[in-house]
Amino acid sequence: MKKKFYGALLLGSLFLAGGMVSCSDYDDDINSLTQRVDALEKTVAELQKAIEAGAVITNVQSTENGVTVTLSDGKTFEVKNGTNGTPGSVVKIGDNGNWFIDGIDTGKPSRGEKGEQGEQGPAGEQGPAGEQGPAGVDGKDGCWYMPGEDGYWHKQYYAEDGTVVDEVTDNKWTDTIKKDVVCVIYDTENGYLQIKNAEGMKEGETINIPITSNLKSLAVIPYVLDKETNYPLVFFYNIMGYETKVEVGNANANLVVASSTNAKAHYRLNPANANTKDWTWTMIDRTVTRAAGDQNELLSISSTERSNDEFIVTLKSNKSLSGLAKDALFKEHAIAALQGTNKETSEVITSDYVKVSSKDLKDFSIITGYDLATDQIFELPRAGEQALSSYESRPADVKMVYTESLDLNTLVKTWAKEVQGPTNIPSMVDDMVDEGELTYEFTLPSKYELGGNKTNQQEFVTLDGSVLKVNTEKWPNGTGAIGTTPIVEVATIINGKIITTGVLKVAIVKEDAVEKPDYVVTVDPVNIDYSDIEVNGIVNQFTWEDMRQVYDALGITREEFLAHYTYKVTDGDNTPAVGNFVDGAGLFNWTDGTATEHTNAIEMILNPAQIASNTTGMMKVIYTPDDKYTYAPVVVEFPYTVYHKHPENAFPAFNTQFVDEAQALAIIKGQMINGVWTQKVEISEHFLGLDTYEPLGNHSEPVLVLTDDIQFAARLDLDGSNLKDQVLTLNSEINGDALDVPVSVVEKLANGEAYCMKSYTIRFVNPFKTTPVAISLSAPFPGRKDSKPVSFVVKEGTNTIIGSDGKVTEYGKTTYGLDDSKVVVTYSEGDANWAQYGLNNEADEYGHKQKLSLYEDTTDGSYNIKWENKGTALMSKINTHYQVQVLIKGFAIMTEEGAVTVTETDM
């Protein structure tokens, strides 16, 4: 489409006046006008500056005092009314391409739609709710409309020489806007924002603000990346077709791309509001079969659109990639880039590459429908694959009342059999290609004879395009055609290429046949506790008497039922059963006549190893007739509810001699085993009645489990198969006073669920307590050094286990089996403040720079804390601490703090 801008007035023209005014009485009015003009000038200037910087207009809407323009950076600009606070009018292009005034669709298109190609140049198509454009030599764009500055709609279209014809209509667009208020026209098609009647403007004046900038560059937005090449990916299904009908299905026939699905490539524009309409867009591509140079044969551009700062290009595939070299860098794909050429300057801008990948679809079938309940797809046999005589035994695909006609276009779709969708619904080629690309061709074969007298079924109907009806010229009343079954050959054609064919069989009937509704029987629901489910036990049934009542309700015999019905077992969502079961619920149907020894027609079984312990569902047997016009489908429904209420007294009770039931706590004090102190507990101590306890049905023996995988962090070993023989052992030191181990007692259900019966805490207690000795140091005057050794004691109650020198006492050796090698003592400064006590001091012989130092005496291995005065008296007492960590291997890790004070004294 050619661009048309209205003549833009210089902003300075807003300040021109008809003559000089000198009377001071008008000073206030002049000042007010100047302020309003200045405000508008500032708003327009800032808006233009933001757009020139690349901002995109995201909304133009009426407000209480005029119109507000919103940009992509979040900034808003208010254009106020010149008269009062009435909301302004907004004229802009809607999502359907029509002009909207104050939110109301005018029915006037803002752009023309492509006309169809034709030898004599047919007229372009009608724009949305617009008028028909005149004929063009090559089917050029249809007409469109512009709101003219004169207040009238201007009808525009292309002449035969490609120029734009502008015709003023008698229809005023200004009649539909509010009077004497600001009016803003937001024209995204031609790229301008037009302001009228704003505060500070004179009557009839107009401001035009371009809303686009010159394109500088563009880059692919990688929504989907190819794992192999790391390029952004565009993917197509290629619809492959043949030149002639006889080639369809022939493995040696030459297949070509008839069409493809659409793929969208997204590009980032620089600047974001760049004008894309002044550019001609093409796709250049490189394939491994054309190593040198750019091509533009693989892809074509179907359409382009803008979405804020994105430029979206809809692509079609023109060629199959199946012939690319198998040993090339890019296997079975090519790379392509978007290239723009400026229409006026011939400047060329090219994007980065995308990977182009495709799959060729070759296997298609014409269908008349599908049934989700039975997973049945009603395919037509391909033309020429079967002898016509074979169609006699085949049911009719559709019925036609002899007095009516049948539009075959409404009956058929083309199934892409190689595309697996997210559901069981077959993927249709009709939905994959653009509108108008796919058509169906219907042909009436000249001869299809049936019966002993070889009656030609084709003589009873006529075919006009896609409309089939009884041949009333030969059969004026049409009744002679009743009972005949003519056939129609169908071909799916896309862009002149034949995709597949089919043969449609039509039954001509006296009255309009209506599919019989489903006959549904719902048996009484099952409500059962999970514990009561028996393996292979029947939980519900549909008796033979119940089944014969179905025959009676349908008015058929058992023999008819067996002859005309097939069955399928599903759940309530029509999910097909596997081995008669869905999620542990199963139905076994014995109505097909193969197992007459069963006492029920249908039996329901629940499998405790598969079904959930709390669930609600339904199982169904669906009986589908071969003719739904004669026989009603039958559905027998089996609703069920499985629940699980574990009785409180149905699991072992705590042994309150060893478990504090109120706190749910068992305290483990440890024991000497073979001269080694061991933190071990037999879980059976914690419960009563384990010898006589029997789990409920479908439950295993109760077992203790550790929660939060604590066994990995704390090195816990849990041995045994259930509460009767389980033993929990702690193999690591207790860090601190105790280690709490949260545990649960569960019974595993047959389906793998774990039913929690009890939770409690097993606490392993550290029998020792470490107490560091407090250290008091002096800072005597005059300055001298003071030092004291650090020490601690480890006690079990009143019994000292380890002395201040880290040596194990005799009590520790005999009672706990300890020796000096099992004790590791670590001293450290208690906090970061120690550093400030010796800032800027030189290091002493131990390398310590602090006045307050913790150091090891290399002569005897003891640790000492020293204060060494360097000549300056303390202003306040030092209160800090040191830290001692005592590791008793196999027992505990104890970290405690010892107080340290340094006091200034006179001695």
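**Note on strands, a buried glycine and a buried histidine**

1. Buried denotes under 20% relative accessible area, exposed over 50%, and partly exposed the range in between, with a 1.4 Å probe and protein chains only. In a regular strand the side chains alternate between the two faces of the sheet.

2. The model is predicted: local features require pLDDT of at least 70, side-chain atom pairs count only at pLDDT 80 or more, and totals for chains, interfaces and linings use all residues. Residues are numbered from 1 along each chain as its sequence is written, and side-chain values use heavy atoms, with hydrogens and water left out.

3. Strand β13 is joined to β16 (residues 263–270) by 4 bridges, and the two run antiparallel. Two strands are taken to pair if DSSP finds at least two bridges between them. Opposite valine 220 stands tyrosine 267 of β16.

4. An open sheet is formed by 3 strands in the order β1-β2-β3, with antiparallel pairing. Its edge strands, β1 (57–63) and β3 (76–80), each pair on one side only. Neighbouring strands of this sheet are turned against each other by 20 degrees on average, direction ignored; axes are lines fitted to C-alpha atoms (for helices over the stretch in contact), and angles run from 0 to 180 degrees between N-to-C directions. Between β1 and β2 (residues 66–71) there are 6 bridges, and isoleucine 57 has leucine 71 in β2 as its bridge partner.

5. Glycine 148 belongs to the loop between β7 (144–147) and β8 (152–158). Its relative accessible area is 0%, so glycine 148 is classed as buried. Threonine 174 lies 26 residues from glycine 148 in sequence, and their C-alpha atoms are 9.3 Å apart in space.

6. Histidine 154, in strand β8, is also buried, with a relative accessible area of 9%. Its side chain makes polar contacts with the side chains of aspartate 150 (3.0 Å) and aspartate 166 (2.7 Å). A polar contact is a pair of N or O atoms within 3.5 Å; within protein, one must be able to donate a hydrogen and the other to accept it, and residues adjacent in sequence count only if both atoms are side-chain atoms. Not counting residues up to four places away in sequence, histidine 154 touches several residues, including Gly148, Trp144 and Asp166, where contact means heavy atoms within 4.5 Å.
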